[in-house]
Every structure is written in C-alpha cells, then in structure tokens.
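Visitor: I'm new to reading protein models. Could you walk me through this one?

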Amino acid sequence: MTTFDPYAPSRETTEGKVFSVTGGDWDALVQDIGATKEERVVVNMGPQHPSTHGVLRLVLELEGETITEARAGIGYLHTGIEKNMEYRSWTQGTTFVTRMDYLGPLHNETAYCLAVEKLLGITNDIPERASVIRVMMMELNRISSHMVALGTGALELGAISPMFFAFRERETVLEIFEMITGLRMNMAYIRPGGVQQDLPDGALTKIRDSVKLMRKNFKENATLLIGNSIWMKRTQGIGYLDLAGCTTLGVTGPVLRSTGLPWDLRKLQPYCGYENYNFDVVTADTCDVYGRFLIRMNELEQSLRIIEQCVDKLEKLEGAPVMVADKKIAWPAQLALGGDGLGNSLDHIRQIMGTSMESLIHHFKLVTEGFHVPAGQVYVAIESPRGELGASIVSDGGTKPYRVHFREPSFNNLQATAAMSEGGMVADIIGAVASIDPVMGGVDR
Amino acid sequence: MGTNKQADGMFGAKGTGDTSGYGGLVRQAVNFGSSERPYGSYFDEVADDLERAYPEFSEAIERVVVDRGELTLHVKREKLVEVAFILRDKLKFEMCMGVNGVHYPEQTGREMHAVYPLLSLTKNQRIRLEVSVPDGDAHIPSVVEVWAGNNWHERETFDMFGIIFDGHPGLTRILMPDDWEGHPQRKDYSLGGIAVEYKGATTPPPSERRSYK
C-alpha cells in the first residue's frame with residue numbers, strides 16, 4: 001500500500017500525513033486516506049487552481065464531502081499599488097488604479113478621478129460630454145466584466161460552451177475599448193478633470209451596431225445557461241446568503257441585490273449624471289448563486305439601455321470639450337493620429353516648441369510636477385460590477401497623493417465565502433466563489 | 001476654477017522666484033481642523049440623533065469635521081465600540097465599508113489614524129469615524145463584533161500600518177507574507193526600488209526623486 005505514487009506522494013508532518021496531489025491516478029491516495037481512522041480531511045485548494053478565479057487559496061476542512069470550515073487565503077497578487085501612488089503625481093495615479101480590478105479598469109479609474117475631483121472642488125465643472133463618455137465606457141465595461149463572470153462561472157461548473165460565447169461578446173466590447181482608448185485593458189483613459197481624449201470618428205456608429213448585435217446575442221446566450229438543467233441544479237439553492245448576512249459582512253453588488261434589496265449606487269447616490277438615465281435596478285429574491293447570475297444576465301440589458309442613451313446624448317454634444325476648462329489641471333496635449341501611429345498632437349508640439357515659451361513651460365510643469373490638490377480627505381463610492389468600489393483619498397496639498405486606499409468590493413465580498421459554503425458540499429464552493437466574482441487583482445491590489 | 005487658491009504663485013511656488021519647484025523630500029504637515037454647528041446637509045440630524053442616543057457624546061467625540069460634504073466624527077478609542085453599537089442599532093448605520101489607516105508622523109501623540117466609512121441602507125446616508133492613536137501604543141478596539149465584515153479590513157490595516165485591533169478574532173497579516181518585517185504603508189517605510197541607468201543618465205527610484213511642495 002505504501003508504494004510510491006508519482007501523482008500523490010505523501011510525507012509525515014507534525015500535523016499528520018500530508019498528500020500532495022498533482023492529478024492523474026488517485027487510486028493509491030483514496031486507499032491511503034481510507035486507511036486512516038480520522039474522518040476529517042484538510043484540503044488546500046489553490047492558489048493555482050483553475051476553479052479559484054485566479055490566485056485565490058482556499059483551505060477547506062472536510063468531513064466526507066461536507067465542508068465544515070472554509071478559509072480563504074489571499075495576498076498572492078499584492079502589488080503595492082496604494083503605496084506606489086504616494087510617489088507619483090495625481091494624474092499618474094490613474095495608470096496604477098486601472099490595474100487593480102483588471103476586469104473593471106474604467107470603474108477603478110472613475111472612482112479615483114471622482115475622488116480627486118472632489119478634493120479639487122471641480123466636481124461640477126466636469127464637461128457633460130466627459131461625464132457621458134465615462135458613463136458609456138463604464139457600462140460597456142460592466143458588460144465585459146459580467147461576461148467574464150458568467151462565462152468563467154459556467155466553465156467552473158463544467159459548462160464549456162457558454163464561456164466561448166461570453167468571451168465572444170466581451171471581445172466586441174474590447175474592440176470598442178481599443179478603438180476609443182488604444183488599449184483593451186488597463187487603458188488609463190479616464191483622467192482627473194475629464195477623459196484622456198475625445199471619441200474617434202466612427203466610434204458611435206460602431207457602438208450602435210455592437211449594441212444591436214449584443215442584444216441579440218445576449219438572449220441566445222442566456223438560453224444556453226437557463227436551459228441547461230445541470231447548470232440550474234448546480235446554482236439553485238447554493239451559496240445562500242441573506243440580507244442580514246450581507247449587511248453584517250458589508251457585502252454589496254449583485255450578491256446584495258440577490259437578497260431582494262434594490263441597492264444600486266447608480267440610482268441611490270448618483271454620480272457622473274446617472275440620475276439622467278432610464279434604467280432599472282435588477283434584483284432577485286433567491287439569495288443564491290442562481291439569483292446572482294440571473295442579476296448579471298439581466299443587468300446586461302440595462303447596461304445596453306444606458307449605452308444607447310449615452311450615444312444619443314453624445315451625438316448632440318459633438319465637439320464639446322472632454323476635459324475641464326481649468327488649464328492648471330487639464331492635460332496640456334491631446335493625442336493625434338500621425339503617419340507613424342498615435343502620438344502627441346503635432347499642432348501642440350509646433351505651438352510649444354515654435355511659438356509660445358509660456359506654453360512650453362506650462363506643459364513641462366504640468367507633466368513633471370503635476371497639479372496641487374488642496375489638503376483634505378474624501379471617500380467616493382461607485383457601483384462597480386462587483387459592488388461598492390470606494391476610493392478613500394487623503395491629500396496634504398501636494399502634487400502627489402498622501403494616502404490612497406481602495407475599498408475593493410472583491411476584497412470585502414470574498415469574506416462571505418465561509419458563510420456561503422460551510423455546511424455545504426465541497427463541489428458547491430466553486431459555484432459560491434464564482435457568484436461573488438472576485439478579481440484577485442482587486443482583492444490584493 | 002480657482003482651485004489652487006491657497007498656493008501663492010504659479011504652480012505653488014513660494015518665497016523666492018525659483019520656479020524649479022524643487023522642494024527636497026519635505027512633506028507638509030496635514031491638519032484638517034474642526035467644524036462648528038450648523039454642519040449642514042443631514043449632518044446636524046446625525047449629530048443630534050447620536051447625542052440623544054448616547055449620553056456620553058461630548059466625552060467620546062473629540063471633534064467633528066465637515067469637509068467637502070462629508071462628516072467625520074473623531075472618536076476616542078476607548079469609546080469606539082460603544083459608539084459603533086449605537087450607530088449601528090439606533091442610527092441605522094448597518095454597514096461599515098471597512099477601515100483604512102493613515103500615518104501622520106508629524107502629529108505627535110496621534111500618529112496613527114484609522115478611518116471607518118459607514119453607510120446607512122435605511123437612510124441612504126454616509127458618515128465617517130476616525131480614531132487616532134500614538135505610534136508607540138497603536139492599539140484600537142476591534143469592531144468585528146459590531147460589523148463582522150471588518151475582519152479582513154482590520155487585518156489589512158494591521159498588515160500595512162501595524163495598528164493592533166484588540167479583540168480581533170485572528171489578527172494576522174493578510175496581504176504580505178507571514179514572516180514579513182515592517183508595515184509597508186507607514187511613511188517611514190521606504191518604497192524601495194533601484195536606480196535605472198540608460199545611455200549614461202541615471203533615473204533614481206521613485207522614492208528618491210525630487211518632490212514638489
């Protein structure tokens with residue numbers, strides 16, 4: 001019985017016998033475990049495991065197939081973004097925050113920029129066109145993020161096809177992002193004071209066409225999941241967390257809305273002019289994994305509605321500014337497409353290098369030093385695809401943040417893993433974690 | 001827009017006409033002062049309700065700051081848990097959106113600050129609690145028994161600032177490795193990094209680059 005098994009070698013430790021399972025033939029392992037008297041087994045799942053949504057480590061204590069204790073270990077993707085931001089200018093901060101929750105980069109950027117603007121006292125000076133572009137980009141981003149949640153969520157439960165279709169839809173959104181910002185992810189497009197540059201020609205037409213296409217595809221994709229009896233059985237009644245559980249654990253987003261509470265900051269504490277759009281807050285009353293996925297599916301349609309309204313508004317606001325008028329804050333140069341690709345606007349370079357020494361000084365100072373932000377402390381929260389994303393920022397009056405902290409919904413909501421899965425079957429923790437939709441880049445920052 | 005009003009000259013240049021902006025690595029002291037009534041918005045109502053529900057209000061709340069449309073109650077650490085229970089149960093601040101630390105090395109005797117943003121689902125209101133403690137005795141009672149969701153947030157603040165939350169069910173590091181030395185978000189903890197040389201010119205690491213006052 002103690003023959004060496006290349007897939008499941010074992011060793012004695014002070015904690016008892018430890019098996020390292022690497023896949024393959026588990027016969028010997030099962031036999032060995034069966035030989036021990038103890039029923040309790042501690043399973044370490046992750047941090048490199050295909051079903052843990054990134055580098056999440058779950059330590060599960062099992063009795064048979066029932067989870068008696070579940071603990072999540074995080075920190076494998078900690079990059080020190082908050083610390084790094086203290087050494088860069090306020091504008092450079094966008095480049096960092098966009099990399100936190102990498103499925104919702106535009107939400108990170110918007111939360112950060114709204115907080116900086118609140119500190120600067122220019123919240124009401126942001127041009128309308130910039131705010132509409134922000135809303136449109138955030139809603140597109142919500143779609144691409146929900147597509148990953150639905151696609152990988154289904155994949156982790158064993159349904160492979162929905163993932164292909166979800167990623168096809170996400171690709172449509174990423175193409176729009178690439179067209180507008182030049183990048184598919186981590187675009188640092190939203191800047192304090194407005195957005196980095198105006199929409200390129202043809203962007204609105206492309207968005208209109210994409211909305212039509214996505215609306216059709218979303219309906220078809222939904223039937224792939226709703227019509228799949230295995231997916232239904234593996235999501236209904238799983239990962240239960242009610243309203244009391246959500247409030248005490250600070251859980252927001254689709255998980256909170258799955259308890260029937262229509263809590264959506266876009267409606268209740270509007271920012272970026274969300275009060276001017278018609279859309280519904282989607283809820284479910286099942287408190288389970290199914291309800292959370294259903295909410296995400298139905299939020300897609302609401303996002304499409306908002307995007308359509310944005311496109312209508314943007315057509316009327318053609319040519320309006322996309323950056324605050326205050327030249328002490330606004331980025332001095334816009335980008336322009338030249339023969340060798342996208343780069344600094346040649347008109348601007350001609351002006352600063354050839355005609356106006358003051359413009360050159362201004363450009364140089366603003367780009368190297370950045371702008372001063374009056375001392376103070378703010379907390380700004382927005383509704384990200386995963387819940388309340390809060391930016392807690394302190395300024396000491398300098399050109400760099402004194403302290404930046406993000407209240408990340410993934411970080412907070414992941415705490416609910418234990419409440420959702422203890423007492424359930426080990427296979428159901430996969431669905432429970434997927435329904436939280438944690439993004440480890442955001443959790444660990 | 002006039003947002004840089006407190007700066008004297010162009011881009012904050014002060015004193016001499018030197019516009020190089022080089023300010024060494026000096027950090028300005030931060031002090032947000034305190035506010036007097038009326039606070040405006042729903043803040044007076046919150047303060048009144050808390051005063052009515054909590055007889056020791058004047059003793060527990062050190063000062064009240066209203067800035068940029070946000071209310072901050074500075075609470076003495078001994079009273080934090082009491083105040084938290086009343087805010088949750090009587091004033092319906094059902095949710096605590098976590099805690100984050102801020103390190104102010106020049107505020108002698110109150111270097112470490114812990115900031116708690118609260119949210120009321122019932123009344124759709126937000127307020128903030130702030131507790132400040134000396135660096136040498138950075139102990140704050142844990143509010144995990146009030147808002148269980150603060151568990152990881154307190155662990156993160158401990159990990160990053162070294163603030164010890166007494167009564168926390170398991171205060172261990174959460175983002176940094178268990179055997180890590182020091183608390184990275186403190187101001188006396190260097191960012192690190194190495195200088196980069198390119199074509200004869202050297203760019204120092206970010207923490208050693210010039211800083212503008």
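Guide: Helices (H or I, at least four residues) and strands (E, at least two) are DSSP runs, numbered from the N terminus. This is a predicted model, where local features need pLDDT of at least 70, side-chain atom pairs count only at pLDDT 80 or more, and totals for chains, interfaces and linings use all residues. Residues are numbered from 1 along each chain as its sequence is written, while chains are lettered from A and ligands numbered from 1 in the order in which they are written.

Visitor: Are helix 5 and helix 6 of chain A roughly parallel or roughly antiparallel?

Guide: The axes of helix 5 (residues 128–156) and helix 6 (residues 161–181) of chain A come within 8 Å and cross at roughly 160 degrees. Angles under 35 degrees count as roughly parallel, over 145 as roughly antiparallel, 65 to 115 as roughly perpendicular and the rest as oblique. So helix 5 of chain A is, relative to helix 6 of chain A, roughly antiparallel.

Visitor: How many nonpolar residues has the contact of helix 5 with helix 6 of chain A?

Guide: Two residues are in contact if their C-beta atoms, placed from the backbone, lie within 7 Å. Among those making this contact are A:Leu140 and A:Ile143 of helix 5 and A:Phe167 and A:Val173 of helix 6 of chain A. Ala, Val, Leu, Ile, Met, Phe, Trp, Tyr, Cys and Pro count as nonpolar, Asp, Glu, Lys and Arg as charged, and the others, Gly among them, as polar. By class, there are three polar residues, two charged, and nonpolar ones numbering 14.

Visitor: Is A:Asp437 buried or exposed?

Guide: A:Asp437 sits in the loop between helix 17 (428–436) and helix 18 (440–444) of chain A, and it touches A:Ala149 and A:Arg386, not counting residues up to four places away in sequence. A residue is buried if 20 or more other C-beta atoms lie within 10 Å of its own, exposed if 12 or fewer, and partly exposed in between, with C-beta atoms placed from the backbone. Because A:Asp437 has 28 other C-beta atoms within 10 Å, it's buried.

Visitor: How many residues of chain B are in contact with chain A?

Guide: On the chain A side, helix 4 (105–120) and strand 11 (387–395) are among the elements giving two or more residues. By class, that side has 15 nonpolar, 20 polar and 14 charged residues. Chain A puts in 49 residues, and the chain B residues they contact number 42.

Visitor: What share of chain B's residues count as buried?

Guide: Chain B has four helices and ten strands. In helix 3 (residues 80–89) of chain B, the buried residues include B:Leu80 and B:Val83. Of the 213 residues of chain B, the share that counts as buried is 34%.

Methods:
Axes fitted to C-alpha atoms, helices over the stretch in contact; angles between N-to-C directions.
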